[in-house]
Every structure is written in structure tokens, then in C-alpha cells.
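Reader: Please take me through this model, one question at a time. To begin, what percentage of the residues counts as buried?

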Amino acid sequence: MTAFDDLLAANETYARTFAYSGLTGRAARGLAVVTCMDSRIDPLGLLGLRAGDAKILRNAGARVTDDVLRTLVLAVYLLGVQRVLVMPHTDCGMAKVTDADVHALTQKNGVDTRSLEFHTVPDQDAALRHDLTRIRTSPFLPAELPLAGAIYDVHTGKLMPVELP
């Protein structure tokens, strides 16, 4: 027995009734969502979307990193994205630690991560506004690209829109 047998068995069941073979790689609803990797977030469900409707970009803290910007450029110019929602969430682990905390924790385990930036979030509202500004001012994305920010409340399921900077 391996650590992944349960997943492979579940996939066998899923594949028997697979219904998405007709989807393309394009975002049918023209949407990209940048959100956190937190497993409490169901981005499709909470936004009333289905498979194929949107591009979902997930990372720790829902941060707009250089890689997220790269991916948004591809999504806009190749995959039908016409609007972007940046959606961090309440009770985020990235808002409970600093980069220094993470470096210290990994160091205790014999791993030196000082060459990495973890983009922890000491002020979630300020981080979201910063990330929205990164998208808005990117020379690689259309200036008129519709952009929104909202914090998802993991305890109520509600979105709290944030005014753009």
C-alpha cells in the first residue's frame, strides 16, 4: 500500500463518470481568481462557477507574486481571461507568521530557507491593496482589465469586497 492509493482509487471512480472532455483550456466566464491554497476554500463553489469557467491561481496567502503575474499574462492573452478577482481569506496562516518565523522554523529542521521570500501577510488589507496595485500597474496586462479584490470569510462563506487603490 502506498501513500497515494486512496487518491488513485478515488480517481478510478471519478473517471468512470467524467463529463468534462468537451471543455477547452479557455476560461468560459472570462475570469481568473487568485486565492489561497487553504483547503477550506472552494473557489468554484463560492462564486457559483463550474469546471471550465475560470482560471484558479492558488498559493500561500493569495499573493500576487511574479509567477502569478506571469500566469495572468498567459491567462489574458492565451486563455480568454477578461477580468481578475484577488481573493485572500480570513484566518489565514500566512497572516499569523512572518518570513522570519518561517525561516526559524525551517532552520530548526536543518533547512536554510533564507534565499526564499514567503510573502507572509502582516496586514491582510494592505497586502491585498498592494497586490491589486501590482496587477493594475503591470506593463504586461491591459490597463483596462477589470480587477476586483475581496476577502473571503472562511467562517461565514461571504465575500467582503475591498475598494481598489
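Author: A residue is buried when its relative accessible area is under 20%, exposed when over 50%, and partly exposed in between, using a 1.4 Å probe and protein chains only. The model is predicted, so local features need pLDDT of at least 70 and side-chain atom pairs count only at pLDDT 80 or more, while totals for chains, interfaces and linings use all residues. Numbering runs from 1 along each chain as its sequence is written, and side-chain values use heavy atoms, with hydrogens and water left out. Of the protein's 165 residues, the buried percentage is 37%.

Reader: Of the contacts with a separation of 6 or more, what percentage joins residues 24 or more positions apart?

Author: A contact here means heavy atoms within 4.5 Å. The C-alpha atoms fill a box of roughly 50 × 45 × 30 Å along the principal axes. Within the protein, the percentage you ask for is 66%.

Reader: Let's zoom in on Ala 32. Which residues does Ala 32 touch, not counting those up to four places away in sequence?

Author: Ala 32 sits in strand 1, residues 31–36. Its relative accessible area is 0%, and therefore it counts as buried. The residues touched are Lys 55, Leu 57, Leu 72, Val 81, Arg 83, Val 84 and Leu 85.

Reader: Which element gives the most to the lining of the largest cavity?

Author: On a 1 Å grid over the protein atoms alone, a cavity is a set of points where a 1.4 Å probe fits but cannot get out, and lining residues have an atom within 4 Å of a point. Points are joined across faces, edges and corners, and the volume is the space filled by probe spheres set on them. The largest cavity has a volume of about 50 Å³, and its lining includes Gly 61, Ala 62, Val 86, Gln 124 and Asp 131. With four residues, the main contributor is helix 5 (residues 124–136).

Reader: Ala 62 is on that list. Is Ala 62 buried or exposed?

Author: Most residues other than glycine have a negative phi. Ala 62, in the loop between strand 2 (54–59) and helix 3 (66–78), has a positive phi near 55 degrees. Because its relative accessible area is 1%, Ala 62 is buried.

Reader: And Asp 91: which residues is Asp 91 in contact with, leaving aside neighbours within four places in sequence?

Author: Asp 91 belongs to the loop between strand 3 (83–87) and helix 4 (99–108), and its phi is likewise positive, near 55 degrees. At 33% relative accessibility, Asp 91 counts as partly exposed. Val 34 is 57 residues apart from Asp 91 in sequence and 17 Å apart in space, C-alpha to C-alpha. The contacts of Asp 91 are Arg 40, Lys 96, Val 154 and His 155.

Definitions and conventions
1 Å grid on protein atoms, 1.4 Å probe; cavity = no way out; pocket = protein on both sides within 12 Å on 5 of 7 lines; lining within 4 Å. Helix = DSSP H or I, 4+ residues; strand = E, 2+ residues; numbered from the N terminus.
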